[in-house]
Amino acid sequence: MIYLDYNATTPVCDDARKAMLPYLDRHFGNPSSVHAAGREARAAIDDARDKIAKLLHSKPHEIIFTGGGTESCNLAVLGLARSPMSRGGHIISNKAEHHAVLNALEQLEKHEDFEITWLNVSRDGLVDLDQLADAIRPETRLVSIMTANNETGVIQPLEQISGICRSGGVLLHSDMVQSFGKIDLPAVAGLVDAASFAAHKFYGPKGAGLLFLRAGLSLQPIMFGGAHENQRRPGTENVAAIAGMAAAAEWAVREKMPELERQGKLRDELWRAIASAVPEARPNGGIDQRLGNTLNVSFPGIDSETMLMALDLEGVCASSGSACMVGSVVASHVLLAMGLPRERASSAIRFSLGKQTTPDEIQRAASAIERVVKRMARTKTKRDAYAVA
């Protein structure tokens, strides 16, 4: 099997696995209990919070542990929008966001009388900065723009976005689920007011995530039932997953620079091979401003679902976009937001590389792609010939 779907999820790294094991075995106490077993579990959470805060250049109490990236995005968008400290009912975002943000904003827009300004997105996948500056008004309470897109890998100019939001006096949330450990950013705490993360995107366990929330901000909880996480996210913490997430975060940052260069070269090699074998293939998203591990390609005349099934039979794991749209392969909402034709958006495949990707796998994947496209071309020719006859 050739796995080229690391933006969907990653394998758990050894550091994370080792960090988790004690809390799946002998240190199983409830971290809210006051006895020794509970204190051991609480100490693990406190240690993980300190480690992650150090990586983000934030304070430990600015870290809220959640069940994953979707919950972190929901908590940020809904929690900040509904906060009693908020000054108005206007929010700014764009249609290329992950559905964890889009669906939360649609809830506010359709059912809670919030007004959403949707920024334009260029064919390269970048938001319009001039439009962002012009859209901010006195009643604007939040801007939500992801750092790196999960489908195209396009990286937004977050420092410029942050400067515009600071000048306008509005809060900035960024979905950093795909960017952590893949790009070099200044201190997160100095750029944004809130940021969402998911452990399984950086070689940690599934079911663990976190939200950075700048100190002093009021957040309306979206769940109820306990005083956990300083009354911001109720529910018994997943101690083992949190310990694994912190270990994975340290590992991902430590391994970041050599991996960025290595994966970028492999990604470019894959594209060169595809372009040579399939001249009609088209890359999607800006070439210069994107994650080094991500390649989004449209294969005109072949719908995404058919291509993915054919690649799967060849032993190649890829995606048509977000892995969160369970059981459905539809035209990419990201590519449509970028203004690409529906046919091109419906024929897009995302290849995303990771730590375990090898040069040999890239060569074999390219050969498999060439075989699939040629086979489909022959099938289409025969079908058209039968139709004429």
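What follows is a walk through the cavities, with a short note on backbone angles at the end.

A: Keep in mind that this is a predicted model. Searching the whole structure turns up 3 cavities of 30 Å³ or more. The largest cavity comes out at about 230 Å³, and 20 residues line it. Lying nearest its centre are Gly 181, Lys 182, Tyr 203, Glu 259 and Gln 263. Helix 9 (239–254) and helix 10 (256–277) are the elements that give two or more residues to this lining, and helix 10 gives the most, with 4 residues.

Now for the second largest cavity, which holds about 50 Å³ of space. Its lining includes Asn 94, Ala 96, Glu 97, Met 146, Val 334 and Met 338.

Most residues other than glycine have a negative phi. Asp 113, though, has a positive phi near 60°, and you'll find Asp 113 in the loop between helix 4 (99–111) and strand 4 (115–119). Its relative accessibility is 75%, so Asp 113 counts as exposed. Glu 229 also has a positive phi, near 50°, but Glu 229 sits in helix 8 (residues 228–231). With a relative accessible area of 5%, Glu 229 is buried, since the cut-off for buried is under 20%.

Notes:
Residues are numbered from 1 along each chain as its sequence is written. This is a predicted model: local features need pLDDT of at least 70, side-chain atom pairs count only at pLDDT 80 or more; totals for chains, interfaces and linings use all residues. Side-chain values use heavy atoms; hydrogens and water are left out. On a 1 Å grid over the protein atoms alone, a cavity is a set of points where a 1.4 Å probe fits but cannot get out, and a pocket is an open set with protein on both sides within 12 Å along at least five of seven lines; lining residues have an atom within 4 Å of a point. Grid points are joined across faces, edges and corners, and a volume is the space filled by probe spheres set on the points. Buried means under 20% relative accessible area, exposed over 50%, partly exposed in between (1.4 Å probe, protein chains only).
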